[in-house]
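Keep the structure open beside you as you read.

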Amino acid sequence: VTGLVVAMDGPSGSGKSSASRGVAKALGLRYLDTGAMYRAITWWVLREGVDLTDPGMIAARAGEPVLEMGTDPGAPTVAVGGVDVAGPIRGPEVTGAVSAVSAVPEVRRRLVAEQRAIIGAGDIVVEGRDIGTVVAPDALLKVYLTASAEARALRRAAEIAGSSVEAQQADMARRDRLDSTRTADPLAMAADAVELDTTVLNLDEVIAEILRLIKERT
Ligand code: C5P
C-alpha cells in the first residue's frame, strides 16, 4: 500500500460514517463502509431464507452473493448481484440480524479479503469495527471514535424516523455487546489507535481533529 489509509473504528452511533465521509471529501480520498458490506450479506441471507441460528449454513452460503461497493464519499453505493440495497440494508430487519451474520468467521474471511482488495494502493478512508486491528493494521492513522451511550442513541434516533431514544439505546447496547464479545475479529481499539470521544464535539470539530492528526503524520 503506497497511498494514504485512514482506519476509522468504533461502536455504532459514534459518528464514524459522517466523520469518515467528511475526511475523505476534504482530502479527495475514496471511502469504504465495511458495515454496509456485512449488512449487504445479511440482506441476501435473509432474502434466501437462510436459518440465522445456524452458523454452519450461513458459512456454507457466505460466498454466493456478489457485492459491488462504490467508494465515492459524496455518494457511496452498495449493490448485491446488481440490485441496489442501500435502502433495505438500513432497515430494522437487517440491523437486527447483522451481528449474528458478521460473527461467522467464513463471512469475515471473505469480506476482509474483499476489503483489502478495495483498499488496494490506498488513498482511502475505511470505517468499521476491525479496520485498525485486522483489515489494515498498517494504516497511517487509526482513529477509534467513541461517544456516551446517550449521545450515540440520540444521534441514531434523530436519523431514523419514528424511533425512540430508549429503543435505539437498547438496540445499540445489544449490538455492541455482540460485536465486542464475538470470537472472530471483535470490535476493539488497536493499541496504536487515537481515541476520539465525540460526545461534546460537533461533526466539523471531529473532521478538523482527524485532518490535524493526518497532517501530523504526513
Ligand atoms: O457500521 P454498521 O453499524 O453499519 O455495521 C453493522 C454491523 O456490521 C455491526 O454491528 C457489526 O456486527 C458488523 N461489522 C463488523 N465489522 C466491520 C463493520 C461492521 O463486524 N468492520
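In strand E6, Ile 124 is the bridge partner of Val 5. That bridge belongs to the parallel pairing of strand E1 (residues 5-9) with E6 (residues 124-128), which runs over five bridges. Before going on, please keep in mind that this is a predicted model, in which local features need pLDDT of at least 70, side-chain atom pairs count only at pLDDT 80 or more, and totals for chains, interfaces and linings use all residues. Residues are numbered from 1 along each chain as its sequence is written. Helices (H or I, at least four residues) and strands (E, at least two) are DSSP runs, numbered from the N terminus, and two strands pair if DSSP finds at least two bridges between them.

Helix H1 (residues 16-27) packs on this sheet, where it touches E1, E2, E6 and strand E7 (141-146). The direction of H1 makes about 175° with that of E6. Contact here means that the C-beta atoms of two residues, placed from the backbone, lie within 7 Å; axes are lines fitted to C-alpha atoms, for helices over the stretch in contact, and angles run from 0 to 180 degrees between N-to-C directions. Helix H2 packs on the sheet as well, touching E2 and E6, with its direction at about 50° to that of E6.

What is the strand order of this sheet? It is an open sheet of five strands, E2-E6-E1-E7-E8, with parallel pairing. Strand E2 (30-33) and strand E8 (194-197) are the edge strands, and each pairs on one side only.

Now turn to the other sheet, which is open, has three strands in the order E3-E4-E5 and pairs in the antiparallel sense. Strands E3 (67-70) and E5 (83-84) each have a single partner strand, so one side of each is left without a neighbour in the sheet. E3 and strand E4 (residues 77-80) are joined by four antiparallel bridges, and Leu 67 has Val 80 in E4 as its bridge partner.

Finally, look at the ligand. It is surrounded by 13 residues, the closest being Gly 35, Tyr 38, Ser 102, Gly 128 and Arg 129; a residue counts as near if its C-beta atom, placed from the backbone, lies within 6 Å. H2 gives the most to this shell, with four residues, while H2, helix H4 (92-102) and helix H8 (165-181) each supply at least two.
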